[in-house]
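Thanks, everyone. Let me put the model up, and then we'll go through pockets, core and aromatic rings.

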Amino acid sequence: MKSLLKIAFVLGIVVSFSSCKDNLKPNYQYMPNMYESVAYETYSESDAFNSPTGLKGKEGQLPPSGSIKRGFVPYEIPNTTEGYNFSKSITNSPLDSAAVDMKAAGELYDIYCAICHGTAGDGKGKLVKQEKFLGVPSYADRQVSIGSIYHVQTYGLNSMGSYANQLSQKERWMIAAYVLELKSKL
């Protein structure tokens, strides 16, 4: 029995010093792509396919055509003079009167609108007083409805740009209701 243990011990030492690894002859790799994969940068330029848009492999950055952002409801009135005139006929907001928080709407108005239109809606905001923008009218002088205010916030008008990227649809409707409240006070 002792000789059998001595033989096993010696055989274990010999095997451990002469393992299968040989740096001159590397082992065979089964499925080498699993060990050394081809590296791809997600949004790097490539000539893998030529798109008609000419973006050279940057298609991952564009949403599919016809897709709509989750929670977004398309605004169907076009950005034309006729669309603006039609928006004046909209007198009701799609929001419930309980959903319109006038305090939050006032805060949004102060952040986005008061810089030009003034906190009272009189057209005398900080930028107008500094003569950075001229010709910002008072709400008392304008024939506006809640629909036309929302339309102008969505598309912009004259030197006022669109706020569709900064404000959600609910926030734009809330600000439109707040502007009508300011107009009634003037």
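How do the residues of the lining of the second largest pocket divide into nonpolar, polar and charged? Five are nonpolar, five polar and two charged. The classes are these: Ala, Val, Leu, Ile, Met, Phe, Trp, Tyr, Cys and Pro are nonpolar, Asp, Glu, Lys and Arg charged, and the others, Gly among them, polar.

Ground rules. This is a predicted model: local features need pLDDT of at least 70, side-chain atom pairs count only at pLDDT 80 or more, and totals for chains, interfaces and linings use all residues. Residues are numbered from 1 along each chain as its sequence is written, and side-chain values use heavy atoms, with hydrogens and water left out.

Back to that second pocket. Its space is about 260 Å³. A pocket here is an open set of points on a 1 Å grid over the protein atoms alone, where a 1.4 Å probe fits, with protein on both sides within 12 Å along at least five of seven lines; lining residues have an atom within 4 Å of a point. Volume is the space filled by probe spheres set on the points, which are joined across faces, edges and corners. Among the lining residues are Lys-69, Tyr-75, Tyr-155 and Arg-172.

Now the largest pocket. That one holds about 640 Å³. It has 26 lining residues, with His-117, Pro-137, Val-152, Leu-157 and Met-160 nearest the centre. Helix H7 gives the largest share, four residues. Helices are DSSP runs (H or I, at least four residues), numbered from the N terminus.

Next, the core. The largest nonpolar core has 21 residues. That means buried Ala, Val, Leu, Ile, Met, Phe, Trp, Tyr and Cys joined through side-chain atoms within 4.5 Å. Buried is under 20% relative accessible area, exposed over 50%, partly exposed in between (1.4 Å probe, protein chains only). H8 gives the most to this core, eight residues.

Last, the rings. Five aromatic pairs turn up in the whole structure. Ring centres must lie within 6.5 Å; planes under 30 degrees apart are stacked, over 60 edge-to-face, the rest tilted, and Trp uses its six-membered ring. Tyr-75 and Tyr-150 are edge-to-face, at 5.1 Å and 70°. Tyr-75 sits in the loop between H2 and H3 and Tyr-150 in H7, so this pair ties together parts 75 residues apart in sequence. Tyr-150 is buried, at 2%. Tyr-75 also pairs with Tyr-155, tilted, at 5.8 Å and 45°. Tyr-155 is partly exposed, at 28%.

How values were computed:
Helix = DSSP H or I, 4+ residues; strand = E, 2+ residues; numbered from the N terminus.
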